Amino acid sequence: MVDALIAFVATLGALAATGLLVQRAYKDRLLYLIAWSFTQVGLTLALLCMAIGFMAGYNGLFFRVMELGAALIGPVWLALGMIELIARYVQVRFGAWLFTISYTVVAIVILLVDPLKGSLSKSLPKPSDTYDALPLLLIDGAHVVAVIALVGCTGVTAYLASKRDREAGELLIPVALVALAGVLVVSGTRGFLPAPLAVIALGGAAGLVWYGAMRTIPVYEDDEGYDEYGEEYADEPATGYEEQAYAGPQHAPSHAAPAEPVPAPTPPADPRRGELRFPDPAPAEELRFPDAPAIESPAPAAFDPSAFGPDPAGPTSVDGPPAVPEPALPGGALAGPLGGLGPSGGGLPDGCGQITVYTLLDGREPAFDRLAAELVRAVRSAEPDTLVFACHEVVNGPTQRIFYQLFRDEAAFAVHRRQPHLQRFLAESRTHVLATNVIELRLGAAKLPLPAPDHQGR
């Protein structure tokens with residue numbers, strides 16, 4: 001009865017962990033979470049059958065489900081999720097999925113149809129006393145493959161972390177917890193542990209898998225209404241672009257701007273596509289910046305010396321009329337080649353910018369582009385002082401993405417770094433990025449869209 005009570009409590013805990021993990025896997029659609037969800041389902045079914053078996057006695061159905069869930073599906077799919085999380089080559093991940101699915105299907109068929117031997121009672125049955133040679137060989141093979149994969153992934157992660165790989169350093173603890181869960185699953189299903197310890201091992205493994213999975217993904221207090229950005233995020237902590245992927249910026253800003261509340265949403269911003277391609281081009285009706293007013297150059301006129309006053313140096317020989325002064329744009333900016341809204345023009349004296357170059361993992365481009373498109377939409381909606389925010393694809397470089405960003409001043413840059421949609425993008429894009437290079441800029445001479453008037457949403 002004590003064994004049944006322990007198994008029942010462990011089943012409830014595993015069921016709760018399974019529900020949370022399945023819910024997160026359904027929401028985020030990450031393959032390693034899906035694989036670990038299969039592991040959790042297998043462990044939960046195995047614990048449920050153990051609880052019933054301890055109370056009412058084992059039979060062929062309970063024993064087979066227990067072995068399929070804990071001894072086969074649990075360790076194999078746990079190792080698959082680990083490879084999907086760690087491997088940086090799509091060929092390795094594809095091979096792992098192909099092997100796991102094939103092995104699982106074949107082993108399930110054999111473990112279901114192979115006849116059992118011996119008699120079953122209320123005590124925990126041992127696989128070696130109940131199965132013949134072929135099912136035992138398949139279970140042993142699953143355990144060997146799982147142990148090798150888990151130990152290998154943990155070792156690779158620890159090695160990369162020792163080489164100051166930022167992603168590996170962040171994943172080291174979750175990977176170690178999941179590897180420990182694999183050890184508990186194998187130990188609890190080999191038949192070497194007493195019944196209470198085997199139940200505790202499987203229940204603890206379910207908890208470690210859930211906790212390790214939660215450490216590998218961002219957790220937010222409110223996952224609903226992600227597309228709504230506004231004042232509800234004003235109190236979010238600021239961590240900035242120094243957390244972008246695996247490499248920090250080359251240098252920090254010269255001075256930190258004081259904290260400011262996040263501005264309210266404003267009309268959409270102009271992405272200014274030009275000749276570049278974007279993951280999510282904005283509709284024409286959403287452009288924020290109006291086109292600069294057309295300036296008609298005056299027609300050439302004959303040179304009139306009297307218009308410039310008397311020449312103190314006396315009359316001189318003039319070969320032709322002087323150049324007509326360039327007309328001025330509103331705000332004092334010049335319309336010539338070096339005019340625009342840069343400091344020389346006086347329209348954007350404190351402008352600053354940033355270029356971020358991403359090198360993506362093979363096969364992760366669509367997922368990264370989806371996150372980038374969501375970030376661009378959020379910046380367009382909630383950051384009026386972010387003047388340009390564009391994600392560029394690189395021609396003949398399918399794994400390269402370049403973000404170009406221009407801010408009105410350092411304070412706008414600081415506000416941008418505190419935005420929750422930026423923090424979410426940095427966290428969720430981490431598993432798709434191989435390397436990152438960040439270059440901070442100060443605006444010089446430039447030709448830019450005119451700022452929107454103050455009455456247009458500012």
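What follows is a chat about the fold, surface and some single residues of a predicted model.

Q: Before we start, what kind of model is this, and how are residues numbered?
A: This is a predicted model, in which local features need pLDDT of at least 70 and side-chain atom pairs count only at pLDDT 80 or more, while totals for chains, interfaces and linings use all residues. Residues are numbered from 1 along each chain as its sequence is written, and side-chain values use heavy atoms, with hydrogens and water left out.

Q: OK, how many helices and strands are in the chain?
A: The chain has 11 helices and 4 strands, where helices (H or I, at least four residues) and strands (E, at least two) are DSSP runs numbered from the N terminus.

Q: And how much of the chain is buried?
A: Of the 458 residues, 46% are buried; buried means under 20% relative accessible area, exposed means over 50%, and partly exposed lies in between, with a 1.4 Å probe and protein chains only.

Q: Switching to strands, how does β2 pair with β3?
A: Strand β2 (residues 386–394) and strand β3 (residues 397–407) pair in the antiparallel sense over 8 bridges, and two strands count as paired if DSSP finds at least two bridges between them. Thr386, for example, has Phe407 in β3 as its bridge partner.

Q: Is β2 mostly covered or mostly open?
A: Strand β2 is mostly covered, as 7 of its 9 residues are buried.

Q: What sits between those two strands?
A: The strands β2 and β3 form a hairpin with 2 residues between them, and Asn396 in the turn has a positive phi of about 65°. Asn396 counts as exposed because its relative accessible area is 80%.

Q: Which residue in the loop between α6 and α7 can we look at?
A: Arg164 lies in that loop, between α6 (133–162) and α7 (166–189), and the phi of Arg164 is near 65°, a positive value in a residue other than glycine. Arg164 counts as exposed because its relative accessibility is 79%.

Q: Now Glu410, is that buried or exposed?
A: Glu410, which is in helix α10 (residues 410–418), is buried because its relative accessible area is 11%.

Q: What does the side chain of Glu410 make a polar contact with?
A: The side chain of Glu410 makes a polar contact with the side chain of Arg442 at 3.2 Å. A polar contact is a pair of N or O atoms within 3.5 Å; within protein, one must be able to donate a hydrogen and the other to accept it, and residues adjacent in sequence count only if both atoms are side-chain atoms.

Q: Last one, where is His432, and what does His432 touch?
A: His432 is in the loop between α11 (420–428) and β4 (433–442), and His432 counts as buried because its relative accessibility is 8%. Not counting residues up to four places away in sequence, His432 touches Leu360, Leu361, Arg364, Ala367, Phe368 and Leu371, where contact means heavy atoms within 4.5 Å.
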